[in-house]
Amino acid sequence: MPVISLSSITNHICCGTDLQVHDGELLVLAGATGAGKTTLLNVIAGLTSYGGIVRFDGTSVDSLSPSKRNVGYLFQDFALFPHLTVTENIAFGLQARGLDKKIIAQRVSELLVLFKIGPLNNRYPKSLSGGEKQRTALARTLAPHPEILLLDEPFSSLDQRTAKFLRLEIKSLQQKLGLTAVYVTHNQMEAFEMGDRLAVIRNGQIEQIGTPVEILFNPITSAVSELFGAPNIFQCNSIEALDFGLGKANCGSLSLIIPYDGKAVDKIAVFPSGVRLSRHPIETPMPNRLQGIVLDVRLKTPVVLVDIQVNNEKITAEIPSQLWEKTYIKISDPVYATISLKWIRVLTK
Amino acid sequence: MNEHQPIHFIWGIVPVFVMLLLWETTARLQWIPGGIFFPPFTTVMAEVGDMLFGGVLIPNFMCSLGRVVAGFISGSLCGISIGILMGWNERANRWFSPIISLLYPIPALGWLPVLMLWIGINEMLPIAIIFICSFFPVLYNSLTGVRQVKPELINAARILGASDLFILQRVVIPLALPNIFTGLKLQSGMAWKVVVASEMVAIPTGIGALMMRAESLVRLDIILVCLMILSVMCLLFEKFFTFLEFKTTGKWR
């Protein structure tokens with residue numbers, strides 16, 4: 001599958017943007033709203049005008065229309081044709097290319113089975129659930145065998161459970177088909193789960209590019225760090241292996257249960273949004289229950305950032321403003337914190 | 001749903017029945033002075049029979065129907081075609097838009113004296129008037145329908161490899177249909193109103209002309225028959241396009 005190379009891309013948002021996506025890689029484009037993520041996808045697809053050069057496998061595609069670039073694009077709001085059934089939606093791209101009816105029917109049936117939407121074949125989009133729409137849209141995107149897959153926040157309108165399930169499905173499908181993919185999101189969990197590499201975009205420029213772990217533990221600017229929730233980073237001194245893929249990490253004066261695969265742990269990152277606070281001890285099965293004192297409270301609408309001192313370490317928690325008002329916690333109050341495992345990331349040596 | 005249908009049906013019939021009963025009673029009991037100007041409903045219905053069998057109604061009705069069908073179909077087809085073209089192609093829109101903006105506000109009947117001089121008093125005159133009456137509103141509805149197709153659907157079709165013509169045929173026109181039908185429904189009734197008006201003023205045949213002759217003979221029953229036919233035909237045409245709209249877009253809307 002092609003290597004995508006963008007050189008000196010300029011338009012209403014981008015100004016001299018360069019980017020390379022490797023063969024068969026899933027690159028996550030992350031950035032705040034209005035940073036230029038979708039614009040960059042549209043540049044690759046040829047849906048917006050631009051200066052500079054877009055190359056697929058070293059060959060410029062600037063003169064090619066979107067229909068000739070052989071790109072698959074999964075839109076944020078699915079963009080299913082409301083007047084066509086599931087089958088007709090999937091067949092659309094194949095019919096547009098003038099393929100034989102038998103070939104179209106065969107490919108559509110394959111995709112209906114692959115995406116488990118066979119029973120929905122005669123339904124119209126208005127009667128499909130969010131997840132069903134997404135599967136249909138993905139089947140339609142992949143029907144004409146695109147070499148490049150572009151995904152624009154495809155799960156933003158779905159519930160968390162469905163979104164997570166579909167994310168894993170897309171990731172495995174992308175790997176199985178070896179597609180070169182660019183995935184746009186502003187969701188930090190999505191970015192870490194999906195990306196082989198992560199490119200952080202800000203004001204139309206690529207601010208940092210690397211693996212998710214590289215970016216998380218070594219953000220080059222505070223803007224990059226803040227995009228991923230400005231995680232609490234702790235240097236680990238030692239780790240003790242426990243059962244069930246867990247380990248007990250000693251990080252300075254903190255002792256935390258973390259996901260552990262046997263490799264030596266260098267640092268751990270704890271996302272502030274994964275730290276829960278309470279005035280009273282919390283009865284929970286979560287392994288990490290800590291006691292500390294509130295050092296500082298900073299309002300950063302729509303959330304409140306609360307710094308707490310646990311032993312000799314400072315941990316920042318991110319609490320939604322509305323919830324914070326109901327906790328009645330003040331500076332210097334003793335508090336109890338819990339940290340879920342899914343909000344901890346590990347940097348191995 | 002089904003158990004409510006008879007109730008809806010009854011509520012469609014009962015008010016009309018009450019109105020007719022009131023009409024009949026008022027006329028029979030001569031509550032309104034000057035009975036000749038207010039014949040009872042049953043007298044009007046009897047006149048329908050006389051006109052049908054006397055060979056007066058059908059030829060005049062067919063004249064009007066033929067004019068409406070010819071004028072409305074040609075006007076609508078042209079309106080739909082140019083509306084779609086303007087909605088789809090910005091250059092076409094730039095060319096046509098100023099001309100159409102200037103001509104659209106002129107009422108269809110305002111063209112009557114001009115057309116009488118240009119094409120004379122013949123069968124083409126009411127057809128041309130109905131053409132004008134249908135053309136502009138259907139054009140604007142079609143234009144709006146095309147413009148309202150979401151750009152992301154067009155982009156999705158482009159990315160999937162569709163040509164402009166394919167997108168127009170398979171995405172844009174089907175999605176513009178609800179707006180196009182709105183225009184057709186409104187203008188089909190208007191076409192009947194315009195044909196009657198033009199026949200009353202300039203053409204010696206048709207329902208409108210029949211009404212004018214009845215007026216000179218003080219035959220209010222005939223005038224009322226003509227008005228009832230006009231009402232029924234407007235309703236039937238609208239229902240016909242509502243049915244077509246449901247058939248073509250009902251499944252997915």
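## A briefing on the sheet and the aromatic pairs

Chain A of this predicted model has a mean pLDDT of 91, with 99% of its residues at 70 or more; pLDDT is the predictor's confidence in each residue, from 0 to 100. Within chain A, confidence is highest in helix H2 (residues 86-96), at 98, and lowest in helix H6 (residues 188-194), at a mean of 82. Helices (H or I, at least four residues) and strands (E, at least two) are DSSP runs, numbered from the N terminus.

A word on conventions: residues are numbered from 1 along each chain as its sequence is written, while chains are lettered from A and ligands numbered from 1 in the order in which they are written. Because this is a predicted model, local features need pLDDT of at least 70, side-chain atom pairs count only at pLDDT 80 or more, and totals for chains, interfaces and linings use all residues; side-chain values use heavy atoms, leaving out hydrogens and water.

**The sheet in chain A**

- Four strands of chain A make an open, antiparallel sheet in the order S2-S1-S4-S5; two strands pair if DSSP finds at least two bridges between them.
- At the edges are strand S2 (15-21) and strand S5 (59-60) of chain A, each pairing on one side only.
- Strand S1 (residues 4-10) of chain A is joined to S2(A) by five bridges, and the two run antiparallel.
- Ser5(A) has Gln20(A) of S2(A) opposite.
- Helix H1 (residues 37-45) of chain A packs on the sheet and touches S1, S2 and strand S4 (51-56) of chain A, where contact means heavy atoms within 4.5 Å.
- The direction of helix H1 of chain A makes about 115° with that of S1(A); axes are lines fitted to C-alpha atoms, for helices over the stretch in contact, and angles run from 0 to 180 degrees between N-to-C directions.

**Aromatic pairs**

- Over all chains there are 15 aromatic pairs (rings of Phe, Tyr and Trp, its six-membered ring, with centres within 6.5 Å; planes under 30 degrees apart are stacked, over 60 edge-to-face, the rest tilted).
- Phe135(B) and Phe136(B) pair edge-to-face, at 4.9 Å centre to centre and 80° between the planes.
- Phe135(B) counts as buried at 10% relative accessibility (buried is under 20% relative accessible area, exposed over 50%, partly exposed in between; 1.4 Å probe, protein chains only).
- Phe136(B) is buried too, at 8%.
- Trp192(B) and Phe237(B) also pair edge-to-face, at 5.8 Å and 85°.
- Trp192(B) lies in helix H8 (residues 164-201) and Phe237(B) in helix H10 (residues 220-249) of chain B, so the pair ties together parts 45 residues apart in sequence.
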